[in-house]
Amino acid sequence: MGHSILNDKDRAAVLNNLNSTGVFVTCGRKTPNVMVTHTGALGKLWGRNVFMLPVKSGKYSYRIISESKSFALNVPVSRDMRSEIALCDSISGFKCNKFETLGLHPKRAKSIDAYILGECGLIVEYNVIAAIPPKAVNTLADGLVIDETSHTLFVGEIVDCYRLN
């Protein structure tokens with residue numbers, strides 16, 4: 001049975017992978033996709049446990065997350081997946097089925113309408129509760145340029161967290 005709060009071990013796994021090799025993000029059911037993120041914010045916002053996922057508007061996953069309003073973090077904790085992460089980072093879901101190209105095995109997510117990766121040991125599922133477009137960001141830092149090519153921040157509230165055997 002999953003839970004909707006990250007325990008210390010799972011939080012550390014997400015953050016360690018984010019800050020090193022990256023984390024797979026899966027989204028969609030009818031047209032599923034997998035991407036990699038090396039950035040994001042994990043914590044509490046508006047009294048909810050959230051992950052803020054930055055995605056550029058030109059990405060295949062952007063369209064899927066915008067429509068499905070959900071995504072899952074797939075954290076490789078049981079095996080080394082650096083080569084799959086590097087390859088995933090370099091190919092487009094517009095041009096190929098990334099699951100097949102990467103030799104990954106999608107499984108149905110438990111609580112969202114999407115797939116997860118059977119190879120990853122830790123799964124965190126999110127429903128999107130807000131999308132913050134680049135034009136909504138008021139830049140206060142000198143030299144920080146945000147334009148229409150910048151990332152939208154999808155704010156996902158955790159709905160399930162579990163480990164795969």
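User: How many disulfides does the structure hold?

Analyst: It holds 0 disulfides. Keep in mind as we go that this is a predicted model.

User: Is C120 buried or exposed?

Analyst: C120 is buried, with a relative accessible area of 1%. C27 counts as buried too, with 1% relative accessibility; the cut-off for buried is under 20%.

User: Where is C27, and what does it touch?

Analyst: C27 is in strand β1. Leaving out residues up to four places away in sequence, C27 touches P32, N33, S61, I64, I65, S70, F71 and A114.

User: How far is C27 from W46?

Analyst: They are 19 residues apart along the chain, and their C-alpha atoms are separated by 24 Å.

User: While we're on W46, what is its phi?

Analyst: W46 has a positive phi of about 55 degrees, although W46 is not a glycine. You'll find W46 in the loop between β3 and β4. W46 counts as exposed, because its relative accessibility is 55% and exposed means over 50%.

User: What about the phi of K69?

Analyst: K69 isn't a glycine either, and its phi is positive, about 60 degrees. K69 is in the loop between α2 and β5 (70-75), and at 47% relative accessibility it counts as partly exposed.

User: Switching to helices. Which residues of α3 are buried?

Analyst: In α3, which covers residues 82-90, the buried ones are E84, I85 and C88. They sit on the same side of α3, because they cover an arc of only 100 degrees around the axis.

User: Why would residues a few places apart point the same way?

Analyst: An α-helix has 3.6 residues a turn, so residues three or four places apart point the same way.

User: OK, and which ones are exposed on the other side of α3?

Analyst: R82, S83 and S90 are exposed there.

User: What covers the buried residues of α3?

Analyst: The cover includes β1 (23-27), β2 (33-37) and α4 (98-102).

User: How far apart are I91 and K59?

Analyst: In sequence they are 32 residues apart, and in space they are 11 Å apart, C-alpha to C-alpha.

User: And where is N97?

Analyst: N97 is in the loop between α3 and α4, and it is partly exposed at 36% relative accessibility. Along the chain N97 is 64 residues from N33, with their C-alpha atoms separated by 7.5 Å.

User: Now the holes. How much space lies in the largest pocket?

Analyst: About 340 Å³. The largest pocket is lined by 21 residues, and the closest to its centre are M35, V36, K59, D89 and K98. The elements giving two or more residues to that lining are β2, β4, α2 (60-68) and α3.

User: Which element gives the most?

Analyst: β2 does, with 4 residues in the lining of the largest pocket. By class, the pocket lining divides into 8 nonpolar, 9 polar and 4 charged residues.

User: How many cavities of 30 Å³ or more are there?

Analyst: There is 1 cavity of 30 Å³ or more. The largest cavity has a volume of about 60 Å³.

User: What lines the largest cavity?

Analyst: S4, I5, L6, R11, L42, G43, N49, V50, Y126 and I158. Both β3 (41-45) and β4 (48-56) supply at least two residues of that lining. By class, the cavity lining has 6 nonpolar, 3 polar and 1 charged residues.

Technical notes
Residues are numbered from 1 along each chain as its sequence is written. This is a predicted model: local features need pLDDT of at least 70, side-chain atom pairs count only at pLDDT 80 or more; totals for chains, interfaces and linings use all residues. Side-chain values use heavy atoms; hydrogens and water are left out. A disulfide is a pair of cysteine sulfur atoms within 2.5 Å. Buried means under 20% relative accessible area, exposed over 50%, partly exposed in between (1.4 Å probe, protein chains only). On a 1 Å grid over the protein atoms alone, a cavity is a set of points where a 1.4 Å probe fits but cannot get out, and a pocket is an open set with protein on both sides within 12 Å along at least five of seven lines; lining residues have an atom within 4 Å of a point. Grid points are joined across faces, edges and corners, and a volume is the space filled by probe spheres set on the points. Ala, Val, Leu, Ile, Met, Phe, Trp, Tyr, Cys and Pro count as nonpolar, Asp, Glu, Lys and Arg as charged, and the others, Gly among them, as polar. The arc is that of the directions from the helix axis to the C-beta atoms. Contact means heavy atoms within 4.5 Å.
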